[in-house]
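Visitor: Could you take me through how the helices of this model pack, giving the cut-offs as you go?

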Amino acid sequence: MKSSARAVVIGGGVVGASVLYHLAKIGWTDVVLLEKSELTSGSTWHAAGGMHTFNGEANISRLQKYTIDLYREIEALSGQSCGLHPNGGLMLAATPGELDSLRLICSRARYLGMQTEMISLAEALEYNPLIDPVHFIGALWRADGGHCDPSGTTNAYVKAARSLGAQVERFTRVQSLAQRRDGSWDVHTDKGSIHAGNVVNCAGLWAREVGHMVGIELPVLAMEHHYLLTEDIPELQGREREIVNTTDYAGEIYMRQERRGALIGTYEPHGVVWSPLSTPDDFSMQLLPEDTERLAPYFEVGFRHFPALGRVGIRKAVNGPFTFAPDGNPLVGPVRGLRNYWVACAVMAGFSQGGGIGLVLSRWMAHGDPGQDILSMDVARFGAFATPKYTSIKVPENYSRRFRLAYPNEELPAARPLRRSPVHDALLRAGAVMGANFGLENALWYAPPGVAPRETPTYRRSEAFPVVGEECRAVRRAVGLYETTNYGKYEVTGRGARAWLDRVFASRIPRPGRMGLAPMLNAAGRLVGDLSLVCLAQDRYLVFGSGFAEEFHLRWFWGAEPPADVSVRSAASTLAGFSVAGPRARELLQKLVRVDLSSAAFRLFQACETAVGFAPAVLTRAGFTGELGYEIWTTPDYFATLYDDLLDAGAPLGLTHFGGRALSSLRLEKGYGSFNKDFRPDYTPGETGLDRFVDFDKADFTGREAALTERTAGARRRFVIMEIADTDVDVVGYESILKDGEAVGYVTSGAYGHCIGRSLAAGYVPRVLAHDGAQFTVDVLGEMRTATVRLAPLIDPQGTRLRS
């Protein structure tokens, strides 16, 4: 075994093998994979080997397609067969909601370039004659997908990596990890030590334990998972082609052909957690005891939906553990506070996602950037709230819903409420219907008296639709109150704070008493943050951004290496806030402050520290509705009192609570994009329109060279707001935008504009086509709707309300 390496990959399953191959391919040939037993001895060993491109997140779908396409490459390079059965995928719908879901998948596929079609049940039977069509109302077919041989595929990665210079050490157990002052690692094994520049945790079932070696608790947990292998099925005899891999939403069943029989698996409710505290060290190429009696009712559903399976015997039952993160997506990337320590774990769908994960992680390690947006897989999407107890509750919930629809208006109940602001209970009494953002409860809408504080999960307009409309109109008409505690909040202080911020942000840094919009770029000139920056003094700043990205942005700030005279910390638990917006907002707040809030005295983007009622606070003139607005930030101990003061002052003025749903409608009417939904690391300042906030005259900031290049060449695409005609359904996100029948862009978010009476969609189209009045077509749940670009805000295009 060698004594040093540029990187050590821990874990010899399909994910570790893919990471090893991609690191070698990108030029890091001095890499070693360590496996404590035989290759594939963990979850990979008993995996069903399914591969598909279905995913609710478009960027993950792209990586899954890359993974499937990669298998031919590694077969050719290694000479090792992956045992590919590229027979495609079939998804079945039994309810109108499930059919809407398939229509949305089909719309997204157009832009992603994936051959996908909505088909009739008669056509579905041609792909899989085992279906009993009486249980279904529609189907979707996709060309990409099938299944592979797990062992063959993993060994193909390993052989390909070895051909490029990588090394593999089997039966080599990692015992501890120790970091040196220069950020490199000593990897201590039972066969000696390796000095490694980087360590990658691909340990699968043991990822939690490898995390413990460096003092972190990764939110990962294993669940028992069963599938059955049937005896030969007469209906499959004589077929020239295998049946297509089939997913049954209603039955929560997946099935495919296995030789002349079938493989059928289920993600049952009330799944069983395996080894909740620690993974047995000697678990290797083992299965768990069968539990067919518990699972019989769920498999019986499959036998009803695919009757031929119930007419033959069961050849084998397989029960093995797989790891999950709380939301079911992988955990990938660097960990804040641990230089050169990387994770690629909780990859439940390893044969669909393993190749893509290896690709983005190798780019990240070699070039400092994954090369594309992977926010939905980034380990930083979880923060301190993802404790072992949280993980132990959310993982079983996610497991039980793996083949159940997640509607865009649906909020999952497990492990909630977790984080609560001081006014949480008061907002519930006001009718708040809550969602959760980064573990923090936040109001989505407010049920008025006589309206139940709940809604039916749907892809269409719910019972909340008219209520949200009233909230929007109240804000535009008088004044509204929105809790902003769910924003990301950071405090930057110290003598060197201004100079450091000037390098980190692409914008001009505001002077004391002012705030500004502050895009943050990576070295490639792509957007990693759309934040606002408040200067309280030359050495004291507040930064506000998206709450879901708190850990993501903290990691970015720490990676920007603040000097010794700069302190950067999260203010998530030390600041709470409200937004007050609407034409009577000034009238309300002036009752509570001694600061002159007149337009001339307290202008847009002004900031100050002042008492607001009883509460010492930071007050800014800003908001996200397009109306006259203010944001108030105070410490949690004053927050409930501040709430009472605002209610008392606002009651005579018609103060109305409004939630996140109304905010989405109001911001789209004004043409504002939102980080995570509309602005993500795939986009540039020129594409998003945020280039107007970039200070190109600054001598140095991260991403400057790339941003200047784009300014010279022009952006390829443009963020636009579109009106959708003749629809009673609003877009969700990633629907394809078509021009003359060809997909040219995609939707990023949407809502009904209640104050203008039109359905709105935000998205990206080619810059050369993005002129006012340009018409496109958007596939909205299978219906082609005309979409008209509106470049000017649809509310207050001159900004007079905002500046009044």
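Guide: Buried means under 20% relative accessible area, exposed over 50% and partly exposed in between (1.4 Å probe, protein chains only). The model is predicted, so local features need pLDDT of at least 70 and side-chain atom pairs count only at pLDDT 80 or more, while totals for chains, interfaces and linings use all residues. Residues are numbered from 1 along each chain as its sequence is written, and side-chain values use heavy atoms, with hydrogens and water left out.

Visitor: Which residues of α11 are buried?

Guide: Helices (H or I, at least four residues) and strands (E, at least two) are DSSP runs, numbered from the N terminus. In α11 (residues 388-400), the buried residues are Tyr-390, Thr-391, Lys-394, Val-395, Pro-396, Glu-397, Asn-398, Tyr-399 and Ser-400.

Visitor: What covers the buried residues of α11?

Guide: Contact means heavy atoms within 4.5 Å. The cover of the buried residues of α11 includes β12 (221-230), β15 (261-266), β16 (273-274) and β17 (314-324).

Visitor: At roughly what angle do the axes of α1 and α6 cross?

Guide: Axes are lines fitted to C-alpha atoms, for helices over the stretch in contact, and angles run from 0 to 180 degrees between N-to-C directions. Angles under 35 degrees count as roughly parallel, over 145 as roughly antiparallel, 65 to 115 as roughly perpendicular and the rest as oblique. α1 and α6 are therefore roughly parallel to each other, their axes coming within 8 Å and crossing at roughly 25°.

Visitor: Which residues of α10 make the contact with α6?

Guide: The axes of α6 (residues 150-163) and α10 (residues 350-367) come within 12 Å and cross at roughly 10°. On the α6 side the contact is made by Pro-150, Thr-153, Thr-154 and Tyr-157, and on the α10 side by Phe-351, Gly-354 and Gly-355.

How values were computed
Expected span 1.5 Å × (residues − 1).
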